[in-house]
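User: I would like to learn how to read a few features of a model. Can we take them one by one?

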Amino acid sequence: MQTQDNSGKIIKSIRPSRIVWPIIIGIGFSVYMLYHEYQPGSLNVLQLSYKTAFWIAVSLMLMVMRDVCYMYRIRLLSNHKLTWRKAFSVIMLWEFTSAITPSAIGGTSVAIFFLSKEGIRIGRSTALVMVTSFLDELFFIIAFPAVLIFIGRTDIFGFGMDAAENLPWYKNQFMIFALTGYGLKFLYTVVLTYGLFVNPRGLKFLLLWIFKLPIIRKWRPDANESGSDLINTSNEFKQWPLKKWFKAFAATSVSWISRYWVVNTIIISFFGFSFIDFDGHALVFGKQLVMWIMMIISPTPGGSGFAEYVFKEFLAGIVPVGTGVAMAFVWRAISYYPYLFIGGVLVPRWIRKHFIKR
């Protein structure tokens with residue numbers, strides 16, 4: 001087996017055996033919450049019919065649409081140097097890494113490694129990942145205030161059984177928490193925008209300064225080359241026509257909206273289309289923006305356990321009492337666990353393809 005300098009550590013960090021802990025934590029916590037929340041007959045309100053199967057299929061299709069949009073975006077950003085097959089591998093490995101690492105860490109740094117192994121130079125890979133991050137954060141920065149204005153209510157920040165309470169903003173700790181998170185995201189986006197589109201040489205300088213550290217100093221020449229690639233790629237993106245940026249941002253928006261609408265379709269599948277009105281669906285959609293901020297701080301792999309708890313508490317007052325845990329499990333079964341199993345199958349094949357030379 002042939003590996004590059006730090007490939008061994010990265011491969012070890014994405015080994016398929018790491019899917020065990022997220023599954024144990026997620027399912028274990030769901031069982032624990034269900035044991036404490038369950039009331040005799042509470043699950044009888046869940047409708048199980050052909051309509052349920054149809055809307056669950058819609059939920060799965062929304063997740064497929066999300067991934068297809070991500071694949072389209074990464075191909076667009078690479079000027080179609082990535083084939084659809086390679087784009088599929090990169091996105092699935094990226095999602096798998098995010099699913100087995102704490103939410104605060106995610107799979108962004110490892111995504112650079114995946115792209116480089118698919119034929120994209122390290123510096124360009126770094127720029128591509130930074131642009132995807134920029135587009136994701138830009139969507140959130142625009143969507144969050146838009147949703148607040150559109151919904152026009154503070155119970156979007158409601159948590160637990162007091163979800164319906166209309167507290168002043170300064171007394172609502174979750175609103176303050178969300179606004180703080182939004183401010184940090186906004187600041188991060190400003191810094192990212194400056195580094196990518198205004199002063200990429202500053203990013204190269206920072207990269208070379210980091211590689212002065214004794215433990216990684218031997219890779220400084222490679223970092224210098226990567227920094228030059230990053231500058232060239234940045235200049236390329238600055239010359240992109242508006243049409244391409246529109247396509248990239250549209251793909252980003254559709255991917256995130258598809259992910260958020262999964263919860264709405266799950267509610268429809270078990271309670272019927274008329275269970276909540278249009279305003280109710282908008283509220284559920286908006287709550288997921290707040291949920292996303294809270295899940296970022298989760299110390300568990302992929303937010304396992306924490307995500308189920310937050311989901312149940314945020315939907316309290318919307319879905320019938322005693323059904324929140326079951327809904328959370330279905331949500332994770334559609335939007336999270338598939339990436340663990342796809343990654344578990346894909347990682348060994350990908351490693352054999354790129355690191356085992358016969």
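User: Where is S49 found?

Analyst: First, the ground rules. This is a predicted model, where local features need pLDDT of at least 70, side-chain atom pairs count only at pLDDT 80 or more, and totals for chains, interfaces and linings use all residues. Residues are numbered from 1 along each chain as its sequence is written, and side-chain values use heavy atoms, with hydrogens and water left out. Helices (H or I, at least four residues) and strands (E, at least two) are DSSP runs, numbered from the N terminus. S49 falls in the loop between α2 (20–37) and α3 (50–77). The C-alpha atoms of S49 and F270 are 8.7 Å apart, although 221 residues separate the two along the chain.

User: Why does S49 count as partly exposed?

Analyst: Buried means under 20% relative accessible area, exposed over 50%, and partly exposed in between (1.4 Å probe, protein chains only). S49 has 38% relative accessibility, so it counts as partly exposed.

User: How many aromatic pairs are there?

Analyst: Rings of Phe, Tyr and Trp (its six-membered ring) pair if their centres lie within 6.5 Å; planes under 30 degrees apart count as stacked, over 60 as edge-to-face and the rest as tilted. The count here is 19 aromatic pairs. One of them is F150 with F278, edge-to-face, at 6.2 Å centre to centre and 85° between the planes. This pair links distant parts of the chain: F150 is in helix α6 (residues 122–151) and F278 in helix α11 (residues 278–296), 128 residues apart. F150 is exposed, at 55% relative accessible area. F278 is exposed too, at 57%.

An edge-to-face pair also joins F237 and W240, with 5.1 Å between centres and 75° between planes.

User: Are F237 and W240 buried or exposed?

Analyst: Both F237 and W240 are buried. Ring pairs also link them with F134, F197 and W245 into a cluster.

User: Which rings does R332 sit over?

Analyst: A charge sits over a ring if NZ of Lys or CZ of Arg is within 6 Å of the ring centre and within 35 degrees of the ring normal. The charged end of R332 sits over the ring of W331, 5.8 Å from its centre. R332 also lies over the face of Y336, 3.9 Å from that ring centre.

User: Which residues does the "transmembrane region" annotation cover?

Analyst: UniProt positions use the numbering here, feature names are shortened, and annotations may be inferred rather than shown by experiment. The unreviewed UniProt entry gives several spans, including 55–72 and 260–278. Residues 55–72 are 100% helix and 0% strand, with end C-alpha atoms 25 Å apart. Residues 260–278 are 68% helix and 0% strand, with end C-alpha atoms 15 Å apart.
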